[in-house]
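I open a new page for this structure.

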Amino acid sequence: MSDVGFVSLVGSGPGDPDLLTVKARRLLDEADVVLHDKLPGPEIISLVPDERREDVGKRAGGEWTPQEYTNKRLVELALEGKHVVRLKGGDPFVFGRGGEEMEHLAREGIPFEVVPGITSAIAGPAAAGIPVTHRDHASSVSFVTGHEDPTKEESAVDWDALAATGGTIVVLMGVGKLPAYTAELLGAGLAPDTPVALVERATWPDMRVATGTLETIVDVRDEAEIEPPAITVVGAVAATRDRVRSLLQGYEVPTGSVKNE
Ligand code: SAH
């Protein structure tokens with residue numbers, strides 16, 4: 001049996017290859033095999049030749065690959081002596097199950113490293129001209145998952161407490177449940193005209209941004225047909241965008257433009 005290999009848990013950043021860290025870029029070239037899902041985005045994924053990558057995102061038939069399969073595959077490849085890059089969108093430890101993968105590797109005795117990435121939670125808003133903190137508008141920022149059903153009693157996200165911070169709320173995985181948590185935040189006392197922005201496919205070639213308020217954003221989402229992956233930014237900072245937008249150069253295509261499908 002060959003010597004045990006090595007796993008690099010690597011954050012890809014939000015999707016623009018220029019926002020990969022120098023280390024991530026180097027590891028993509030050096031790895032024997034790169035395990036990835038769709039989140040790093042088409043531009044970054046295509047940097048790795050087909051024969052050196054495995055998609056552990058959607059399987060044929062549209063089902064999600066179970067996390068157990070990914071964990072098992074990481075160990076299997078490492079035990080074959082391979083240098084494996086587990087490429088994860090954004091930062092590997094921000095809502096990416098990177099922590100679980102790391103603990104699995106540790107339990108199985110596989111050596112690993114963690115390579116932080118630029119999280120979409122900060123880069124998404126930034127690319128849209130929205131600073132997540134601002135001396136005049138927000139002195140704290142919370143990163144939360146919108147994926148849970150907030151009406152469930154066991155919800156781990158305390159929307160009342162978040163509303164009470166007065167700071168910026170950045171919601172990941174928050175497209176589908178937008179109606180539920182905007183209602184929670186309104187119920188918790190946030191003003192109906194609180195600015196909200198949706199940043200879809202941030203830093204990808206077809207990034208789009210849609211803005212509204214807590215009261216209007218669900219209609220805005222529906223009209224623009226915003227889909228995952230997207231970041232929701234709730235708070236006064238979301239209005240900053242309108243003040244800088246005319247001079248903001250960079251990524252986005254106009255909202256409502258046809259998607260590249
Ligand atoms: N580890 C990732 C987050 C994984 S959870 C990170 O640090 O960015 C998946 C969620 O991330 C998506 O539902 C979406 O809310 C967000 N996301 C990731 N990449 C994104 C991108 N390029 N644009 C918008 N949202 C993104």
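I looked up S8 to begin with. S8 pairs with strand S10 (residues 230-234) in the antiparallel sense over 5 bridges; helices (H or I, at least four residues) and strands (E, at least two) are DSSP runs, numbered from the N terminus, and two strands pair if DSSP finds at least two bridges between them. This is a predicted model, where local features need pLDDT of at least 70, side-chain atom pairs count only at pLDDT 80 or more, and totals for chains, interfaces and linings use all residues. Residues are numbered from 1 along each chain as its sequence is written, and side-chain values use heavy atoms, with hydrogens and water left out.

I followed leucine 198 across to S10, where it stands opposite threonine 232. In S9, its bridge partner is alanine 210. S8 and S9 (residues 208-213) are antiparallel over 6 bridges.

I checked burial next. Of the 6 residues of S8 (residues 195-200), 5 are buried, so the strand is largely enclosed by the rest of the structure; buried means under 20% relative accessible area (1.4 Å probe, protein chains only).

I then turned to the other sheet. Its 5 strands form an open sheet in the order S3-S2-S4-S1-S5, with parallel pairing. Strands S3 (53-55) and S5 (112-115) are at the edges with a single partner strand each, so one side of each has no neighbour in the sheet.

I noted one pair inside it. Strands S1 (residues 6-11) and S4 (residues 83-88) pair in the parallel sense over 6 bridges, and leucine 9 has arginine 86 as its bridge partner in S4.

How values were computed:
Buried < 20%, exposed > 50% of the residue type's maximum accessible area, 1.4 Å probe, protein only.
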